[in-house]
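Grab a pencil and have a go at these exercises. Try each task on your own before you read its solution.

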Amino acid sequence: MIYTVTFNPSLDYVIKLKSIKSDDINRADSERICYGGKGINVSAMLKTLGCEAEALGFAGGFTGKELIKLLDKDGIRNDFNFLENGNTRINVKLRTEEELDINANGPEISEKDFRSFEENLISLLKEGDTLVLAGALPPSLPFDTYGRLVKLAEGKNIRCVVDASGEALIKAIKEKPFLIKPNHHEAGEIFGRQLKSDDEFIEHARLLQKLGARNVLISRAEEGSVLVCENAEIYKAEAVNGKLVNSVGCGDSMVAGFIAGYEKSGDFAQALKLASACGSATAFTDGLANKSQIERISEKTHIKNIKE
């Protein structure tokens, strides 16, 4: 089983309009409410790819009930811990000439709440499972939260995947997760510098391995992505040309694609190919990509084995 964890999920209120004027009333051309959160997006994409997955995390209040209702409607298996206090956050996504996202902070998660979640997770995890920890931590949880959960899986043959940034990622790396997936900005921020060339990304991916990460996948938007593997292989996925329609969920789609590809093949190159295809397909569509869109992009996706 693949378990995805989203500690701070959301209802995303997506509003489309031609332009925004500060001196007049703005009226939407269309609007929709959908579930949001990196781990949830990973679960949704895994379902599209035919993998069995379950979404975990916290939900609260009337918005939390609606979140679970939407997940159930789409057949996304879930087992959220329901908070005694607070509401699942609502994020506003404005789509005009540019993308403007306004993300709320979300409810406070107490130590009691977290212990209850941890106990539930321990009861679920079995040898051979995959645990995906994704997204920013809510302000009420300490930076070592992801690291604590990776350590919890230690010695149980559980593949841990961490898609986070900043201090939360740094502390998780020390616990030796199977895969981390920073984007090019996040990878540079860890070392306090801007990374540009393939050589720089490979060099710093290896530094992340020295810190504890087993495999490092760095996404680089229109520059493709680089994967530095624990078996010393290095692969690059060339970017597929297309019109950017949506940037939300691209990284999550990559994570899901990598997990699905690796579980099916046990091959890093194949995992990267599917990861790249999923990420690009989502970038070229409104929302998460479907299977046929992914298959079309996969045919155009090329993986290069970098020999050093």
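Predicted model: local features only at pLDDT ≥ 70, side-chain atom pairs only at ≥ 80, totals over all residues.

Residues are numbered from 1 along each chain as its sequence is written, and side-chain values use heavy atoms, with hydrogens and water left out.

**Exercise 1: rings**

Task: Classify the ring pairs that Phe-7 makes with Phe-117 and with Tyr-146.

Solution: 

Step 1. Start with the rule: rings of Phe, Tyr and Trp (its six-membered ring) pair if their centres lie within 6.5 Å, and planes under 30 degrees apart are stacked, over 60 edge-to-face and the rest tilted. A search of the whole structure turns up 9 aromatic pairs.

Step 2. For Phe-7 and Phe-117, the centres are 5.1 Å apart and the planes sit at 70 degrees, so this pair is edge-to-face.

Step 3. Now look at where these rings come from. Phe-7 is in the loop between strand S1 (2-6) and strand S2 (10-16), while Phe-117 is in helix H3 (residues 111-124), so the pair ties together parts 110 residues apart in sequence. Helices here are DSSP runs (H or I, at least four residues), as are strands (E, at least two), numbered from the N terminus.

Step 4. For Phe-7 and Tyr-146, you get 6.0 Å centre to centre and 15 degrees between the planes, which is stacked. Tyr-146 belongs to helix H4 (residues 145-152), and this pair spans 139 residues.

Step 5. Buried means under 20% relative accessible area, exposed over 50%, and partly exposed in between (1.4 Å probe, protein chains only).

**Exercise 2: a covered helix**

Task: Work out how many residues of H4 are buried, and what they pack against.

Solution: 

Step 1. Count them up: 6 of the 8 residues in H4 are buried, and the helix is mostly covered.

Step 2. Name them: Thr-145, Tyr-146, Gly-147, Leu-149, Val-150 and Leu-152.

Step 3. Find their partners: these buried residues pack against H3, strand S8 (130-134), strand S9 and helix H5 (166-173). Contact here means heavy atoms within 4.5 Å.

**Exercise 3: helix against helix**

Task: Describe how H8 packs with H9, how H1 packs with H8, and how H9 packs with H10.

Solution: 

Step 1. Recall that two packed helices are described by the angle between their axes and the distance between the axes. The axes are lines fitted to C-alpha atoms, for helices over the stretch in contact, and angles run from 0 to 180 degrees between N-to-C directions.

Step 2. Helix H8 (residues 250-265) and helix H9 (residues 268-283) pack at about 150 degrees, with axes 7 Å apart. The two are therefore roughly antiparallel. The cut-offs are under 35 degrees for roughly parallel, over 145 for roughly antiparallel, 65 to 115 for roughly perpendicular, and oblique for the rest.

Step 3. Helix H1 (residues 38-48) meets H8 at about 50 degrees, with axes 8 Å apart, and these two are therefore oblique. Val-42 and Met-45 are among the H1 residues in this contact, and Val-255 and Ile-259 are among those of H8.

Step 4. H9 and helix H10 (residues 291-300) pack at about 120 degrees, with axes 8 Å apart. That makes H9 oblique to H10.

**Exercise 4: one alanine**

Task: Is Ala-205 buried or exposed, and which residues does Ala-205 touch?

Solution: 

Step 1. Locate Ala-205: helix H7 (residues 198-211).

Step 2. At 1% relative accessibility, Ala-205 counts as buried.

Step 3. Leaving out residues up to four places away in sequence, Ala-205 touches Val-216, Ile-218 and Val-228.
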